[in-house]
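Work through the two exercises below with the sequence and the model side by side, and try each task before reading its solution.

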Amino acid sequence: MPRAERRPATRADAPNVIVIGAGIGGMATGCYAQMSGMRSRIFEKHVLPGGCCTAWSRKGYLFDYCIDWLIGTAPGNDANRVWRELGALDGKTITNFDLFNRVVDEHGRSVTFYNDPDRLERQLLEISPADAP
Ligand SMILES: Cc1cc2nc3c(=O)[nH]c(=O)nc-3n(C[C@H](O)[C@H](O)[C@H](O)COP(=O)(O)OP(=O)(O)OC[C@H]3O[C@@H](n4cnc5c(N)ncnc54)[C@H](O)[C@@H]3O)c2cc1C
């Protein structure tokens, strides 16, 4: 069933919620208010919603300003539950990589930020055993 149809009908005397700002936080708040049977209205000072999470096209280029990776995608994670409840992950495929990023200095030495904390710890200790304590 489409998400909107699962939403309880808003009663005429339902509380009104006013949200300032249509970033992810404000839009999520507005959705949760309506999912809880309230009326919500979101006021945004910019011409578009999205806040920091935005992208735009200009002269054939796409300026994708946000979300290279999404925090809280792992099942069982609180943020995952919120994304699921909001329908933000509907129809999306989540890809989990072994590493978050790799930083290389001017001498070619690198440090890799693995998602597995034990692997990350082992590597950091190889680079700097003195930091073990
Ligand atoms: C370059 C960049 C890359 C990022 N990459 C990632 C990523 O890969 N993964 C990830 O999980 N997160 C990423 N983030 C972080 C993520 O984008 C933010 O945490 C998230 O978008 C913040 O949402 P928000 O609703 O809290 O705030 P905001 O997005 O800041 O939204 C606030 C909104 O309120 C509006 N507003 C402010 N004051 C008023 C007012 N007085 N009246 C009306 N409207 C008002 C603003 O215009 C804005 O639209 C990135 C952020 C940036 C900048």
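This is a predicted model: local features need pLDDT of at least 70, side-chain atom pairs count only at pLDDT 80 or more; totals for chains, interfaces and linings use all residues.

Residues are numbered from 1 along each chain as its sequence is written, and side-chain values use heavy atoms, with hydrogens and water left out.

**Exercise 1.** Determine how many disulfides the structure holds, and describe the exposure of C31 and C66.

Solution. Begin with the criterion, a pair of cysteine sulfur atoms within 2.5 Å. By this test the structure holds zero disulfides. For C31, the closest cysteine sulfur belongs to C53 and lies 14 Å away, which is too far for a bond. Then turn to accessibility, where buried means under 20% relative accessible area, exposed over 50% and partly exposed in between, with a 1.4 Å probe and protein chains only. C31 is partly exposed at 36%, and C66 is also partly exposed, at 21%.

**Exercise 2.** Identify which residues come nearest to the ligand, and find the ligand atoms that lie by the backbone of I24, G25 and K45.

Solution. Counting a residue as near if one of its heavy atoms lies within 4 Å, there are 19 residues around the ligand, of which G25, E44, C52, D68 and W69 come nearest. Next, take the backbone N or O atoms: one of G25 lies 2.7 Å from a ligand oxygen, one of I24 lies 3.1 Å from a ligand oxygen, and one of K45 lies 3.1 Å from a ligand nitrogen. Finally, the ligand taken alone exposes 1000 Å², and the protein buries 60% of that (Shrake-Rupley method, 1.4 Å probe).

Terms used
A polar contact is a pair of N or O atoms within 3.5 Å; within protein, one must be able to donate a hydrogen and the other to accept it, and residues adjacent in sequence count only if both atoms are side-chain atoms.
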